[in-house]
Amino acid sequence: MAATVGSGNAPVSDTQASTSADRSYEGSTFQYSMVLEHLIGEKRPIKDLNPTVMGGLPNPMKTDDQKMIEQGMESCAFKAVLACVGGFVLGGAFGVFTAGIDTNVGFDPKDPMRTPTAREVLKDMGQRGMSYAKNFAVIGAMFSCTECIIESHRGKSDWKNAVYSGCVTGGAIGFRAGAKAGVLGCGGFAAFSAAIEYYLR
């Protein structure tokens, strides 16, 4: 009789064991889904990536003066002035270099047989350097200013801004010599700007 009771209780105990296992499995599945929701789901908390937490240097809050200076440096006027100064320096250096390798610097066209003095050579080099510096400064300021204005108007920073700016700058310079020169200047500066942007990007 004891064996019968024992054998009768065995299936009941197996059923209870399987039921409890199913419940524990369902509970674990439910908990796993909750963990996923908190890790990668909608309940995931968004943490601020503070450099101090990540082991970096703290990033102090910018003052109003710093913000004003940054806005001034990002303005079109500042970029135009910076390009003008850079163009002046680059043009002056280029003019002096070309004058240094030119064999006709300092020579008087009325008396080509006379050997020029060092003062005359330096004077011609200075005049050529100043001429190149002025031209490069004007071109740099026009190009930078128009590019900044076009970029602000379009709201995009891509290669098209440089192409449009090159066309405007070249056209404005070329139109002084006529409409044909203006069109050629626009196309030439635009192509040059596109090539530079393609190389840099």
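Biologist: How do helix 5 and helix 6 lie to each other, roughly parallel or antiparallel?
Modeller: Helix 5 and helix 6 are roughly antiparallel (over 145 degrees; roughly parallel is under 35, roughly perpendicular 65 to 115, the rest oblique). The model is predicted: local features need pLDDT of at least 70 and side-chain atom pairs 80 or more, while totals for chains, interfaces and linings use all residues. Residues are numbered from 1 along each chain as its sequence is written, and side-chain values use heavy atoms, without hydrogens and water.

Biologist: And what is the angle between helix 5 and helix 6?
Modeller: Helix 5, residues 159-174, packs against helix 6 at about 150 degrees, and their axes (lines fitted to C-alpha atoms over the stretch in contact, with angles from 0 to 180 degrees between N-to-C directions) lie 7 Å apart. Helices are DSSP runs of H or I, at least four residues, numbered from the N terminus. Helix 6 spans 179-200.

Biologist: Which residues of helix 5 and helix 6 meet?
Modeller: On the helix 5 side, Trp159, Ala162, Val163, Gly166, Cys167, Thr169, Gly170, Gly171 and Gly174 take part. Among their partners in helix 6 are Gly182, Gly185, Cys186, Phe189 and Glu197. Contact means heavy atoms within 4.5 Å.

Biologist: How do those contact residues of helix 5 and helix 6 divide?
Modeller: There are nine nonpolar (Ala, Val, Leu, Ile, Met, Phe, Trp, Tyr, Cys, Pro), eight polar (the others, Gly among them) and one charged (Asp, Glu, Lys, Arg).

Biologist: Moving on, at what angle do helix 4 and helix 5 cross?
Modeller: Helix 4 and helix 5 cross at roughly 135 degrees, and their axes come within 8 Å. Helix 4 is therefore oblique to helix 5.

Biologist: Which residues of helix 4 and helix 5 make that contact?
Modeller: Helix 4 supplies Ile139, Met142, Phe143, Thr146, Glu147, Ile150, Glu151 and Arg154. Helix 5 contributes residues including Lys160, Asn161, Tyr164, Val168 and Ile173. By class, the contact of helix 4 with helix 5 has nine nonpolar, five polar and four charged residues.

Biologist: What about helix 3 and helix 4, how far apart are their axes?
Modeller: The axes of helix 3 and helix 4 are 6 Å apart, and the two helices pack at an angle of about 150 degrees. Helix 3 is therefore roughly antiparallel to helix 4. Helix 3 covers 76-101 and helix 4 covers 118-154.

Biologist: How many residues of each class are in the contact of helix 3 with helix 4?
Modeller: That contact has 19 nonpolar, 10 polar and three charged residues.
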